[in-house]
Amino acid sequence: MSDLPTLAETLAVRPEHLTGLTPVEVDRFNLVLGNELARLADEIDRAADRLHGALLERKETVRRGRGHARVWPTTLEEAEATAREHLATGFEPDQITRVQSGLYKDGVYTEKLNEALGNLDYLRAQRRALVDGPAAVLDGEFTRRGGWSRMHLCLSDGGHIHSGRQCPSITPTTPTTWLPEVSGMDWREAYRAVIAKNMAGATQAIMCTKCYPDAPTEWTEKQPDSNECPGSRQHARLMDPRMGNRVHRWAECHVCHAPKVTVTANGNLRKHDRHDGGGEEAAPEAPAPQSPAADTPKGDGVVVIERRAQAAPAPAAEGKPGTAPTQMAVIRFLKAAGFQVSRYTEARTQATPTGAKVAPSHRGIVPVHWNEGDGDFFDRMARLGVTDVRDVPEHPQAGEYAQAYAEALAPRYAVRVEGDRVYVSARATLPARPKRVPRAARVRRVLAEAKVPAARLYVVDQPDHTRAAVTDEDHVPAVREALTAQGWMFEESENWQHYVFKVTGTA
């Protein structure tokens, strides 16, 4: 993909520039333009959120299917109309509302509304310029030639390969990317090339049945995970007869002997990987290869060859594919790892004002940053002798706190740190977990026997190690001695909130 044009070249493209180009070269311009349009769409979404915030609105929790969602009380169109009306009439909230929202000076409300509306209009004008300019030129060249085959990859979890964004299963907000290297190719050859070259990380992508109704079944259905236990999705009472007519949240799988598998609302075992040590359905150990006797019939030679093939050593285990993070998954992990969570993320009764603020997932990315509570902020403001909140500098340790969040999240997710912000997304492949790494439950039990208070201890399983964190320096020697006595290998580190031990194996 080194031949991709720059954004400046894409914005300057004209019809005469495209005449002698191949479909691949034309769609490389579309890829660059599509990435810029996706970036602008993200910016417009954030600008819309800032407009709602400038109106002093607060998100509400509503029921969505089997879960909940946080939404603004008004639509974007209603918010725009309200903002323009307030600006036209000179409306200002009452003083108590302004102070509660941090607007201590007169005119700040109007200033923020003007800024939010102006930013939103500017971004929309940028998007319109791209759509009416280079996008129209590229579409015109496509139409002039009578079109050619194209492929788009949906970037959502388990996304399909489509022949274009006109597919009815794609909505205006569905994130997709172009695959220009296969433009103009037969769709069969194109799909093989996409999978073989891992274009855009599409090694597991399957084809959309609406766009490719003639595609073979193995290309349109996700292949079963080789690590998945055959007992997955089986009825819990069939798998664990000891349950009788009782209802439990967990049951033992009698295929792989996993001791604690979640039971769904329908009474089935949830999908799970084989438990370490195998089970009744585990593949039997292959017998040692034997040389065929001199009078062995010719057909038996095939059996000997098959046995030798089965006896070959298995390839080294690879990590599982990463999963897209969600807001609640990141919150649960940070809490399990011992980090405080801001009340702006959860209910006031469940967290402290100062801590990690986890924003909702947007296009597969979950932003995380350290939030300074109101009390701590005004205390620091008083120590600095500042009277205007706009003159208070950023917290000097905010970047250090972001690094601590990133260090804890990195084994599970792909993380990108920008200043005091951490952007969490899915990893292509999780690191493989060595077999001799003890599980969190065992580490927690050993440290409890070493008299480490549970209130000061946080132990969580990571893909390639077990992370134990203690909040009190007085208990660090006891943790170190307990881990050493078990013969476990570990690495020590420290952040502003914890003393961290990474248990990486057994000596």
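What we have is a predicted model, in which local features need pLDDT of at least 70 and side-chain atom pairs count only at pLDDT 80 or more, while totals for chains, interfaces and linings use all residues. Residues are numbered from 1 along each chain as its sequence is written, and side-chain values use heavy atoms, with hydrogens and water left out.

Strands here are DSSP runs of E with at least two residues, numbered from the N terminus, and two of them pair if DSSP finds at least two bridges between them. In that sense β13, residues 457–461, and β14 pair antiparallel over five bridges, with Tyr458 standing opposite Ala469 in β14. β14 also pairs with β16, residues 499–506, again antiparallel and over five bridges, and there Val470 stands opposite Tyr499.

As for β14 itself, residues 466–470, five of its five residues are buried, buried meaning under 20% relative accessible area with a 1.4 Å probe, protein chains only. In a regular strand the side chains alternate between the two faces of the sheet. In β14, Thr466, Ala468 and Val470 point one way, whereas Arg467 and Ala469 point the other way.

Elsewhere, four strands form an open antiparallel sheet in the order β9-β10-β12-β11, whose edge strands, β9 (355–358) and β11 (414–418), each pair on one side only. Within this sheet, β10 (residues 366–371) and β12 (residues 421–425) pair over four bridges, and Val366 has Val424 in β12 as its bridge partner.

Methods. Buried < 20%, exposed > 50% of the residue type's maximum accessible area, 1.4 Å probe, protein only.
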